[in-house]
Amino acid sequence: MNITIGQYYPTNSLIHNLDSRIKIMGTFLYIAAVFIAKGVVGYAVCAAFLALVIRLSKVPVKMLLGGLKPIILIILFTVMLNIFFTGGKDILWQHGIFKISVQGILLAVKMAVRLIMLVMGSSVLTLSTTPIQLTVGMEYLLKPYKKIGVPAHEIAMMTSIALRFIPTLVEELDKIRKAQMARGADFDTGTLAQKAKSLIPLLVPLFVSAFRRADELAMAMEARCYRGDINRTRMNELEMHKNDYIALAAVLVLVFLVLALRLVWGL
Amino acid sequence: MDFVKSEHLVYDYKTYNEKSEIITNRAVDGLDIAIPKGQFIAVLGHNGSGKSTFAKHINALLLPSEGKIEVNGLDTKDEKNIWNIRQSAGMVFQNPDNQIIATIIDEEVAFGPENLGVPSDEIKARVEDALLSVNMSKYKNSSPMMLSGGQKQRIAIAGVLAMKPDCIVLDEPTAMLDPIGRRQVINTLLQLNKQGITIVLITHYMEEACLADRVAVFDKGRLVMDGAPKEIFRQVEKIKSLHLDVPQVTELCFKLRNRGVDIPDDILTIDEMTDVLLKKGFKNKVEFNGNKKHYQIPEALIEVHGLTHIYGKETVYERVALKDVDITIGRGELIGLIGHTGSGKSTLIQHFNALTKSDEGCVLLAGVDINSDKSRLKEIRQRVGLVFQYPEHQLFETTVFKDVAFGPSNMGLEKDDIEKRVKEALEFVGMGEDMYEKSPFELSGGQKRRVAIAGVLAMRPEVLVLDEPTAGLDPFSRDEILGNIKKMHDELGITVVLVSHSMEDISKIADRILVMNNGSVEIFDTPDRVFENVKRLTEIGLNAPQISLLMDSLRDKGIDVPKDIFDTDTACELLYNNLAGVSV
């Protein structure tokens, strides 16, 4: 399975112990910084920042790289598009509408680096924060909007349960698929219509099972006195510590630095 | 003081049929029961006897249709009591996966107290305590996905403990666990009971019920037997008439008494039985051959050579599931396959029909490598039928008939032929013509499972592999399914591989038993040979039949009994020959 989203890497690190609100805000600010960065220096600063965070999070680089697998195609597509369709002064090769220029190659590399940095940056967030912390953070950040009718707690609870059940349902789907294959089902060959039809023996049991699980889970939650957001406390109430302020300051510095590099020096 | 007290409790399930008429189904029918504080009560009864419905009343998940139930002195019908009741009577359910909300253990355990509005420092202390009580402290920061079934259930118990309950109600908490997991859960419960927590345990396992202070037997929504375990299980005939089991030694005593041997009728454990036999001065005077029979392995049908399988190769999750497995299964044999969770059983059987492939080793079917020709995969899967665990979860068609026809239709058969096979298969598992047009989803658990098995049988396989076909069923449905399997083997000549956690089930019908341990073959031999190593079996976390354990215990006391006795009939013969005429 290569679903990095929602896959938490349990360890004890500086990044793991940060307040999830800071991590969520920090990730958004970092993403902003990556978009602001224009020149090589800007990118280098962002990359250095990312490297530092990864190092501090103690998450194995291998796992982060694994998270890139699903988007390799997107990256390759972007690179191709940029290489062949960006016009520039220094044309190296041309054939009809396809042209390769120095500027094009540079842009392509930039885009690829940007995408990789975005995905890796957000992966650090999900790898270092449990889904519950993540959703609690979301809930806190959404709280001000409760007054205008945003169901912050419900959104958070739904998200965390969804994340909790993704691996369970993936496993279940695999089991059903194998069981139907044992009964001679064929999912790979045939026309598109036949293929679509062959999904019925997979999807019906999966939905039935999902509903059964939902039913049982709801009962288990009720049995443990769950009644929505009423009179609820948390084991880990969110509290800002010294490190959280430092982390926030660090990300802000990054954004301002990248902004200054771009506006003042044009790098 | 009574913690739970019900007075003429009645509960009706109401469903609508296609014509939108209300159909009432009375699950609990005038139940009067009182459970004192601090008691450990086991509730027995076949599926549909109303035990679960009763359990849900204790937690106020269901409210009585008639009559009333008081929990901790509070009437469950009064809405303002509901949260107090749920806090004081916690509940653990059967499926460990469907009651875990969080992705980290400590957050999971904290869920209950968080809902109760407990301050966060106090929650932290409670989580620590609860995890310590179930002996899971070191997993505090782990993901529940990484745990075994028994560990998950202990986490569920911890989740209830963190709410500081007076009582824990458990609805078949061990039904989906292997023997190790079951022992872990039951030991935890015994310990908690000692600390004064009332335990209500619903179970199908008689050996668990024997450990309780009191056993209540439900039938058709009523309390039909109630008393200490010894009082209940001595009534062997009545228990059997309710489609339940008694421990093997109790049955042995019953058989001996029927043949005029003077022996108490309320023996439940091996230790008690050993003591009684020693007191009687039991010695093995008669030459006795036990079960030893000459067994000739028939011509090979499935051969496995040097099979090694590794999950998640070269990743952090790398795990060796099978290590250099070499086995041969003969045509027409009935093989029992046993091993603890993670021993490689399921991985092995998925190799038999090429659903899983390995880089190392090969599987031959009638001498031909099953992976040699990809175009033959369909044929291989028809010849080697595989029934997965909980096969009823794969039913999907609108009618029973259509669902069973799925396999044969995939084989591209003619309509008449399909019809013939479906009818034959359904008849074989005891489903009459009146069931053909029913939706598989409205059947009972045992019926669903039989339909699912018929779905594979309809493909007329040469080999039928079943992964724990009796898991989670009550003794009656279990015996029905085992009977079906035995019949398929005897009458249709199908080679059967039966995966099970229950040595007692397997020992009754298997020609040979394959014991797996940590991905390797531990023993592969006839039952008498396998049970000679009772101690080794216990060591690798398996349950030997109680009779084997009894023989082992007698040998430990210096009495020379054959090593290969594992069923009550043979044991009865041995004891009768030596005890007839002896009185205490």
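How many salt bridges are there between chain B and chain A? The count between the two chains is four, a salt bridge being a side-chain nitrogen of Lys or Arg within 4 Å of a carboxyl oxygen of Asp or Glu. The structure is a predicted model, in which local features need pLDDT of at least 70 and side-chain atom pairs count only at pLDDT 80 or more, while totals for chains, interfaces and linings use all residues. Residues are numbered from 1 along each chain as its sequence is written, chains are lettered from A and ligands numbered from 1 in the order in which they are written, and side-chain values use heavy atoms, without hydrogens and water.

At the interface, 62 residues of chain B are in contact with 53 residues of chain A, contact meaning heavy atoms within 4.5 Å. About 5,100 Å² is buried between chain B and chain A, 59% of it on carbon and sulfur atoms; buried area is the accessible area (1.4 Å probe) that two parts lose on being put together, summed over both. A salt bridge joins the side chains of Arg232(A) and Glu114(B), at 3.2 Å from N to O.

Over all chains, a search of the whole structure finds 52 salt bridges. In the one between Glu139(A) and Arg234(A), the closest N and O atoms are 2.8 Å apart. This pair links distant parts of the chain, 95 residues apart: Glu139(A) lies in helix H6 (residues 131–142) of chain A, and Arg234(A) in the loop between helix H9 (200–223) and helix H10 (242–265) of chain A. Helices (H or I, at least four residues) are DSSP runs, numbered from the N terminus.

Helix H1 (residues 20–36) and helix H2 (residues 40–57) of chain A pack at an angle of about 155°, with their axes 9 Å apart. Axes are lines fitted to C-alpha atoms over the stretch in contact, and angles run from 0 to 180 degrees between N-to-C directions. H1(A) and H2(A) are therefore roughly antiparallel (over 145 degrees; under 35 counts as roughly parallel). Tyr30(A), Ala33(A) and Val34(A) in H1(A) meet Cys46(A), Phe49(A) and Leu50(A) in H2(A). The residues of this contact divide into six nonpolar, no polar and no charged; Ala, Val, Leu, Ile, Met, Phe, Trp, Tyr, Cys and Pro count as nonpolar, Asp, Glu, Lys and Arg as charged, and the others, Gly among them, as polar.

In chain B, the axes of helix H16 (residues 445–457) and helix H17 (residues 475–492) come within 10 Å and cross at roughly 20°. H16(B) is therefore roughly parallel to H17(B). Residues meeting between the two helices include Arg449(B) and Ile453(B) in H16(B) and Glu480(B) and Asn484(B) in H17(B). The contact comprises five nonpolar, three polar and three charged residues.

Note on methods. Parallel < 35°, antiparallel > 145°, perpendicular 65-115°, else oblique.
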